[in-house]
Amino acid sequence: MARGIFKLYQEALSRRPYLVQAIQTGTLMGAGDLISQSFIERKLFSQVDFARTLKFSSIGFFVGGPALRVWYGMLYKHIGSTGKMVTIKKILSKETFMMDTLQLVSSNKIFGGDQKVYSHESTELKCKMNFSIYLPPQVEGGDVKLPVIFYLSGLTCTEQNFITKSGFQRYASEHGIIVVGPDTSPRGIKIAGDDESWDFGVSAGFYLDAAKEPWSTNYRMGSYLNKELYELILKAFNNIVDPDRVGIMGHSMGGHGALVSTLRNPGLYKSVSAFAPICNPTACPWGVKAFTGYLGEDKSKWVEWDATELVKKYDGPPLTLLLDQGAADKFYIEKQLLPENLVEACRSVEVPVILNLRDGYDHSYYYISTYIGEHFDFHAKILKA
């Protein structure tokens, strides 16, 4: 009897899916209201507000039912209706559906995974921001949480440079590591002087929290990275990201950001590496210009964002810094980067540091793409230990 009724229901649902779903949802919502009035509000039958019940049923019939039908249709189309992974995938789809703060900008298949770019409204920066995220093929199983690495780009860059030039996806795919890449400064706002030079303002946020007006309102890349975006990734992708296995790396200004973020927030990042980082910004032209503009003349504030100074008082979990530097890099030759200063400071306080000086290599992504695999090996050894 029950099996026969269910078969009739299935046949009706396949022939008239929207109508059946509308009737079903309307009936359930109406019945729910009657139960509420009778058992929760404790009304007598003569006191029941049938007009209210009809309103609930109408909402279910005309709105809820059709909307559910569209949603389930999308699930069946993109996920399927049978198979042992379907339930898990539907749960993940609902998680994605609930990420209403994120808007998908692009998605491309690469090395078995998906390179995506999302946008969101930032409360720290008070503007819309993009970030990239590479999801390796290992996320497809849905039964394991993976390590994540944040990659910080350098001056003049956006979230696009690293994902299109470095070839990192091959190594992230092999190791099963999620990779997140924020933009380098606030976007879509206009502050006088923000586009007058390539090393200050737009695309040059230096991953710090500005203290000087008019920059202090929007240029809060330090808090954006280490609080807002960090927490957003852990929450929005909580089904696949392991919050206890997070690393960070960067290039040039981004290398500075990776080092400073790690040293200022002990334990937040378990591994750190940097390509051609600005290691001692209080002692180089780039840093002096940026810190004067963003932080003001008080140099006691400068040292709070200088890796060479911060490592001298580091008192966090055991940490090894991996530094990579091209010997033919003109910015290295011009004393903008100063990795030797950071190495000396690390050794003075017995913080392990590795400096690889690469003969003949410059500051470009040709150099980064050559050695990015070694950096992923370094992070994987720590994050997957």
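**Note on the predicted model**

1. Of the contacts in the protein chain with a separation of 6 or more, 70% are between residues 24 or more positions apart; contact means heavy atoms within 4.5 Å. This is a predicted model, in which local features need pLDDT of at least 70 and side-chain atom pairs count only at pLDDT 80 or more, while totals for chains, interfaces and linings use all residues. Residues are numbered from 1 along each chain as its sequence is written, and side-chain values use heavy atoms, with hydrogens and water left out.

2. The secondary structure of the protein chain comes to 14 helices and nine strands. These are DSSP runs numbered from the N terminus, with helices being H or I of at least four residues and strands being E of at least two. Buried residues make up 50% of the 385 residues, where buried means under 20% relative accessible area, exposed over 50% and partly exposed in between (1.4 Å probe, protein chains only). The chain exposes about 18,700 Å², and carbon and sulfur atoms supply 57% of that area. Accessible areas come from the Shrake-Rupley method with a 1.4 Å probe, and for residues only the protein chains shown count as cover.

3. Helix α14 covers residues 365–383 and bends by about 45 degrees at Tyr371. The bend is the angle between axes fitted to the seven residues ending at a residue and the seven starting there. Buried residues of α14 include Tyr367, Tyr371, His375, Phe376 and Leu383. At the start of α14, a side-chain oxygen of Ser364 comes within 3.2 Å of the backbone nitrogen of Tyr366. The charged end of Arg358 sits over the ring of Tyr371, 3.7 Å from its centre. For a charge to sit over a ring, NZ of Lys or CZ of Arg must be within 6 Å of the ring centre and within 35 degrees of the ring normal. Arg264 has its charged end over the ring of Trp305, 3.6 Å from the ring centre.

4. A search of the whole structure finds 23 aromatic pairs. Rings of Phe, Tyr and Trp (its six-membered ring) pair if their centres lie within 6.5 Å; planes under 30 degrees apart count as stacked, over 60 as edge-to-face and the rest as tilted. Phe162 and Phe168 are stacked, because their ring centres are 4.5 Å apart and their planes are at 10 degrees. Phe162 counts as buried at 3% relative accessibility, and Phe168 counts as buried at 1%. Tyr361 and Tyr367 have ring centres 6.2 Å apart and planes at 45 degrees, so this pair is tilted. Tyr361 is partly exposed at 27% relative accessibility, whereas Tyr367 is buried with a relative accessible area of 0%. Phe162 and Phe168 also belong to one aromatic cluster with Tyr134, Tyr151 and Phe376.

5. Two buried serines lie in strands. Ser122 is in β2 (residues 113–122) and counts as buried at 5% relative accessibility. A polar atom of the Ser122 side chain lies 3.3 Å from the backbone nitrogen of Glu124. Not counting residues up to four places away in sequence, Ser122 touches Cys127, Met129, Tyr224 and Glu228. Ser132 is in β3 (residues 127–135) and is buried, with a relative accessible area of 2%. Beyond four places in sequence, the residues that Ser132 touches include Gln115, Val117, Ile163 and Val180. The C-alpha atoms of Ser132 and Gln160 are separated by 7.7 Å, with the two residues 28 apart along the chain.

6. Asn226 lies in helix α7 (residues 221–236) and counts as buried at 11% relative accessibility. Its side chain makes a polar contact with the side chain of Ser261, at 3.2 Å. A polar contact is a pair of N or O atoms within 3.5 Å; within protein, one must be able to donate a hydrogen and the other to accept it, and residues adjacent in sequence count only if both atoms are side-chain atoms. Leaving out residues up to four places away in sequence, Asn226 touches Ser261, Asn265, Leu268 and Tyr269.

7. Some backbone geometry is worth checking. Most residues other than glycine have a negative phi, and most peptide bonds are trans. The peptide bond from Glu213 to Pro214 is cis, with omega near 0 degrees, and Pro214 is in the loop between β5 (178–182) and α7. Ser252 has a positive phi, near 60 degrees, and is in the loop between β6 (241–251) and α8 (253–264). Glu350 has a positive phi of about 60 degrees and is in the loop between α13 (339–348) and β9 (353–358). Ser252 counts as buried at 3% relative accessibility, whereas Glu350 counts as exposed at 73%.
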